[in-house]
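Work through the exercises below on charged side chains. Each task is followed by a stepwise solution.

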Amino acid sequence: MSSELRSGQEILDDFFSQIMNIDGVDKDVAEAVLKLQKDGKLTNTNLSNVLSSIRDKK
Amino acid sequence: MKVKSLEISGVRGIRKSIKLDLSSSKSVLIYGDNGSGKSSIADAFEWFYYDKVKHLTSEEIDVRGISALRNTFLSDDQDAYFDLKYSDSKYDSKKRLFLKKSKLTSEPSNVSQDFKDYLGASLKENLILRYKDLLRFILFTKAEKLEEISQIIGFSEVSKVKGVFKKAVGELRTKRKTENFDNHINIKQSQIMEQIGQSIFDDNQYFNAIKELVAPLNLSVEIKDDASISNVLELLKKPENKEAVEQQLSYEKVIESLNNHKASFENIYSSYKSFYEKCQQIAKDKDKLKKISLEPLLSQGFSILEKRLYEEDRCPLCLQDKSREELIDELRRRLEELAFVKKEKNTVLEEKNATQRFIQGTITEINSALREKSLLLDENADLRKQVEQLKGIISTASEKLQRTDLSEIEQISKPEDFISLNMTFLQDLISALADKKSMIITGKKDDQTFTVYNKIFSVRQFYGEIKSMKRASEVLARQQQSIELIYNEFVKKQREGLCTFLDSISRDMNDLYLFMNASENVSEIELIPLDEDDEFVGITLRFKFHGKPESPPHKYLSESHLNCLGICLFLASVKAFNKLNKFIVFDDVISSFDTNHRARFARLLVEKFSDYQIILLTHEKDWFEFLSNMVKGKNWLVRKIKWSHDDGAYIEESPSALKEEIESKIEKSDITGLGNLIRKYLERLLKDVCFNLEVKVRFLFNEYNENRMSNELLSELKNKLKDRRCELKDRAVFERLNASMFLGNRASHDSTIAEAIDDLKMFYGDVLELEGLFRCAQCNSLISKKYHDSVENTVRCSCGNLKYAWKR
C-alpha cells in the first residue's frame, strides 16, 4: 500500500496510541480499553466486565 | 520483487517443461491460440501463491482445483512443478505437486520463514488478472464491495473494534435508563421529607438537620461528621428501638420497590409498544420476512451468474427469457432489498431484547422486596401474596415475549393485552404497607428518644443511599461519556482511513480510465462510501456520464467499457496494495476491447507501468503483433506458446535463440534434446523458405497446417525447385537432410536409439548448408518470390547478392 494510505491495523495502532489523549475521557476507562486491546482481549463481554469492575471500585 | 526466471512442468496443458528467462527484469508478451496452454502459466502462478486455482474449483473437481491442475498425461511418479526464481534469491522456490500415497500433495522447496512471510504478505497483493474476473468487483452489491475492500485493507478488524465500542455505548445508555438513579433519589428525598419535613442536598444541610433533631435532647455531642452522628445513635440506642427502626426501614424498602414498580412498568410498556409498532410495520408486507429465507438461494444464483457458470439468456428457475445482465441486475436489487429487510428485522429484535431487559430488572427488584424481613412476617402473608401477584403479571409478560415469533406476526399481543397494571391494586398495597409502617411509630409517638433515634437513623440511611446513588450515577455517566467520546473518535479515524483510501484508489482509477477512454463522456469516477447511523453499509461506484452523476456503471456503460473499468480498478489496486511484488500477470484481459481500446491499453502498460514487470498472455493475434512492435527495444521478451500432441504446451523459440542453444550444446557435446532442437530449427527454416518461395503443400486445417513435418516441406520445396528449373534442385544436401531428419525425429520421441554427437553435428551442418543456399550472407534475408524478376526469370534476396533461376 502506498505511504499515504493506511491499513486497518495501522489505523487501529494509531488510534490506540492516542486514546489517552482524547479530551474528556476518564483515565481509568482509557487505560482499561488500551490494556484489553494490547492483550488482544477487546470483546463486548470483556469491556462490559472491566467497566463494571471500575464502577464497583469507585 | 520481480521474477528472474520461471520453469513450469506438468501443470494443466504444460506437459513438458517450459522455461522463461526474465533476467534484467524483462516483461514478457506471450501469444497463444485458444487451448495452447497459455492460461496454464496464470494457473501455475495462482497455485504457487494461493495454493488453489479458483476457476478450477467446483464440486466435481475439488475445493482448491488442485486435482485438475496436474497434467493428465503425467505418470504417477512424475512431479508437476513451478520453479520461480526472483530478483531476490532468498525467496526462490520450486513448488511441486506430486502423488503421495495416492493423494495429491503440494510442497514448496523453500521452507524458510522469510519465504512463508513473503507468501503471506503476497496474499494481500493483486498479482493476477483474468478476463473472467474483470467485472467481479464492479458487479458486486454495495455491501459486497465494502466487504471486499474491508478484507483487503484489514478493515474487518477495525469494524469489529468499532462494533465493541458501539455496543458498550448502547449498554451504558440502557444501564443508566434501567438503573433510573434520578427516580430512586427522588424517592429517597421524599422519604427524608416524610421524616424531617425538608429535603437534603448536601452534607451541610444534612449535619444541620441532625443538629436540629438532637437539640431538644441536650446531648453533649457536637454534630460535625458521620462519626459524631454514630455516637449520638449509640447514646440513644435501645434494643427494642433498633428492632422497630429496622422493621420500619424494611417496610420502606418494600414500599420503595413498589413505587419503582410504576416506573418499571411504564418502561416495559413503552418498550413493548415500540416493539409491537415495529412488528406492525413489517406486518404490512407479510411476506417480507419470509423472503429472508430466499437469501442463500439468491446469493448463490448471483454468484453462479457472475462467475459465468451459467450463461444462457434465460432464468435457470422459471426458464423465462431474460438476458444474463438483466438477471444479475434483478438479483442484485432483490439482495439489496433483503439486506434492508434483515436490518428491519434486527431492529425489531433489538426492541424485543430491550423489553426483556426491563422485565428482568423489574423481576429482580420484586424478588428483592419479597426477601425483606417485613414481608416474611406471618401477619403480612396476604401482603406478600399481593406482591407475588405483581411478580406473576411480569413473569407472564416475560413468557409471552419469549414466545413471540416474527414469522407469526399476527399472533403478537397488542400492548394493552401484553401487560396491564391495576394502579388501584398497587396503590392499595402501598397504602397497606405504609399503614403497617406507621403503626410501629404510632405505638411510640410519645417516646421522644425513639422518635429522634428513628429520624436520625432513617435520615442517615436515606442520605447515605442518596450519596451512594449519586456517586454511582456520576461514575456511570462518566463512563458513558468516555466510551461515547472514544467511539466518536474511532468513527472519525475509521472514516478518514477509508475515505483517504477510496479517494486515492478513485483518483488512480479515474486517471487510468480517462487515459484509455479520452474524449468519451465519462469522468470523475469515484468509489463512494455509504453509511447509515455511523455504520458503513456499502460502497458504490459513481461517475459522471455526459456531466451528470450516475451509478452504478453497468446502467450506462458497454461491456467493453465495464471491462476497461475493471482493468483500471485492478491497476489502481496494484498501485495501492502491491508493496512487495512488482510483477503482474494478465491472462487474456482485452477480449472485449475494440481496436482503439486495445491500442490504448497497450500504451497504458508500456507508458504508465514501465516500472512493473508485466507477464501478458493473449490469444488476440493482431494485438500481439501491435504490442510486439510497440515493445521493441523496451526490455520485453516476445514469445509464442503452442501445443502439440506429443509435447503439450511449449514455448516456440525464436530462431536465433534456438541456434544459440544448439551451438551451445554442440560445444559442450551435450546431446540431451539436441536432435529435437535441430529438427525444430530445420522446420522453422523450411517454413520460412517455403513461405517466401510460395511452395504449395496439401491442404490441412488450422493447427495441423502449422505442425507440418520437415520431410513434407522438404519434398515440396524440391518439387518446386525442379518445376522452376532452379539450379538448387540437385543439391546433395536435400538427400542428406532426408536421412538426418530421422535422427531429429528419433530424438524428439521416446526411443531406444541413442544418437551420437558426431551424427548430430553432421545433421546441424546440413541444416546450416541448406540455410546458406537460401539466406543471403550479406543482407540476411531469404530469397523470395517478392523479388521475382519475370524478365530475367530469377528470384533473389532483398539486396540481390543471392540470385537463382526461376523459370516457368
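**Exercise 1: a salt bridge across the chain**

Asp79(B) is partly exposed, with 27% relative accessible area; partly exposed lies between buried (under 20%) and exposed (over 50%), with a 1.4 Å probe and protein chains only. This is a predicted model, where local features need pLDDT of at least 70, side-chain atom pairs count only at pLDDT 80 or more, and totals for chains, interfaces and linings use all residues. Residues are numbered from 1 along each chain as its sequence is written, chains are lettered from A and ligands numbered from 1 in the order in which they are written, and side-chain values use heavy atoms, without hydrogens and water.

Task: find the salt-bridge partner of Asp79(B).

Solution.
1. Apply the criterion: a side-chain nitrogen of Lys or Arg within 4 Å of a carboxyl oxygen of Asp or Glu.
2. Arg96(B) meets Asp79(B) at 2.5 Å, N to O.
3. Asp79(B) lies in the loop between α1 (38-50) and β4 (80-86), and Arg96(B) in strand β5 (residues 93-100), 17 residues apart. Helices (H or I, at least four residues) and strands (E, at least two) are DSSP runs, numbered from the N terminus.
4. Arg96(B) is partly exposed at 26%.

**Exercise 2: strand to strand**

Task: locate the two ends of the salt bridge between Glu524(B) and Lys544(B).

Solution.
1. Their closest N and O atoms are 3.5 Å apart.
2. Glu524(B) sits in strand β8 (residues 522-532) and Lys544(B) in strand β9 (residues 535-545), 20 residues apart.
3. Glu524(B) is partly exposed at 41%, as is Lys544(B) at 25%.
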